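Colleague: Before we go through the strands and helices, could you put the model on the screen, so that each point can be checked against the coordinates?

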Amino acid sequence: MDLAPLKILFLDVGGVLLTNGWGHESRQRAADAFGFDYSEMDVLHDFMFSTYEIGRITLDEYLDTVVFSQPRDFTREDFKAFMFAQSLELPDMLQWLTEWKKENRDIRIISINNEGRELNEYRIKKFKLHRCFDAFISSCEVGMRKPDPGIFRLAMGVAQARPEQCVYFDDRLMLVEAARKLGINALHHQTFESTKAILEKLKNQPINLHEFNGRNEV
């Protein structure tokens, strides 16, 4: 692959900048806090959540099946408030990236994330993600979710960039590999410090990720 200057930075959100919006740990905490069977809820979640993430159903419709298919001694609004409260900012990365963007205005930053609409909108607003992202390629808006190659192709189309001009960070290796199959320079986000070091280096030189292969498992 020919070396190219970094034009587009694609980033996952959950696991990179923020905690996951509604991962298994959050669902387990919900089961403990509200006193229902986690395993029963998780089976229903697996049936419904991908449909929610691609925007085909609302959060209330997801909850109708997964939580409120039987009488509960808690309210829907209390449960939704608990769901939203699971979103937390991870240490350092978001604040640093916001400043990095100000110093590198010729590099566009675009999210590629799997998220249901209500959670996605809450997280963007709550954590002011517009400060660092130029665009959001969110599964709930585009009707596709990672690892579907279509969502990565769409992101490159929106960016009007070739794969070799793009770098993508994700905390899940499977999704890193999915992006790499399309020629995108994809790296495994593991720590703030390692991702920061790579981005600081790439902003001043053409993309050559071979030197990062060992420590980023790519």
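Colleague: Which residue in β2 does Ile 8 stand opposite?

Modeller: This is a predicted model, and what follows should be read as such. Strand β1 (residues 8–11) is joined to β2 by four bridges, and the two strands run parallel. Within that pairing, the residue in β2 that stands opposite Ile 8 is Arg 108.

Colleague: What hand does the β-α-β crossover from β2 to β3 have?

Modeller: Strands β2 and β3 run parallel and are joined by four bridges, with Ile 110 standing opposite Ala 135 in β3. Between these strands the chain passes through helix α6 (residues 117–126), and the hand of this crossover is right-handed.

Colleague: How many of the six residues of strand β2 are buried?

Modeller: The sheet has the order β3-β2-β1-β4-β5, and its edge strands, which pair on one side only, are β3 (135–138) and β5 (185–188). Strand β2 (residues 108–113) is largely enclosed by the rest of the structure, because the number of its six residues that are buried, each with under 20% relative accessible area, is five.

Colleague: What angle does the direction of helix α9 make with that of β5?

Modeller: Strand β4 (residues 166–170) runs parallel to β5, to which four bridges join it, and Val 167 in this pairing stands opposite Asn 185. Helix α9 (residues 173–180) packs on the sheet and touches both β4 and β5, and the angle between its direction and that of β5 is about 170°.

Colleague: By what angle are neighbouring strands of the open sheet turned against each other on average?

Modeller: The open sheet consists of five strands with parallel pairing. With direction ignored, its neighbouring strands are turned against each other on average by 20°.

Colleague: Are helices α3 and α4 roughly parallel or roughly perpendicular to each other?

Modeller: Two packed helices are described by the angle between their axes and by the distance between the axes. Here the axes of α3 (residues 59–66) and α4 (residues 76–85) come within 12 Å and cross at roughly 110°. Angles of 65 to 115 degrees count as roughly perpendicular, and the two helices are therefore roughly perpendicular.

Colleague: How many charged residues does the contact of α3 with α4 have?

Modeller: On the α3 side the contact includes Leu 59, Tyr 62 and Leu 63, together with Asp 60 and Asp 64, and these meet residues of α4, among them Arg 76, Phe 79 and Lys 80. The contact residues divide into six nonpolar and no polar, while the number that are charged is four.

Terms used:
Residues are numbered from 1 along each chain as its sequence is written. This is a predicted model: local features need pLDDT of at least 70, side-chain atom pairs count only at pLDDT 80 or more; totals for chains, interfaces and linings use all residues. Side-chain values use heavy atoms; hydrogens and water are left out. Two strands pair if DSSP finds at least two bridges between them. Axes are lines fitted to C-alpha atoms, for helices over the stretch in contact, and angles run from 0 to 180 degrees between N-to-C directions. Contact means heavy atoms within 4.5 Å. Angles under 35 degrees count as roughly parallel, over 145 as roughly antiparallel, 65 to 115 as roughly perpendicular and the rest as oblique. Ala, Val, Leu, Ile, Met, Phe, Trp, Tyr, Cys and Pro count as nonpolar, Asp, Glu, Lys and Arg as charged, and the others, Gly among them, as polar. Buried means under 20% relative accessible area, exposed over 50%, partly exposed in between (1.4 Å probe, protein chains only). A crossover is right-handed if, with the strands pointing away from the viewer, the path from the first strand over the helix to the second runs clockwise.
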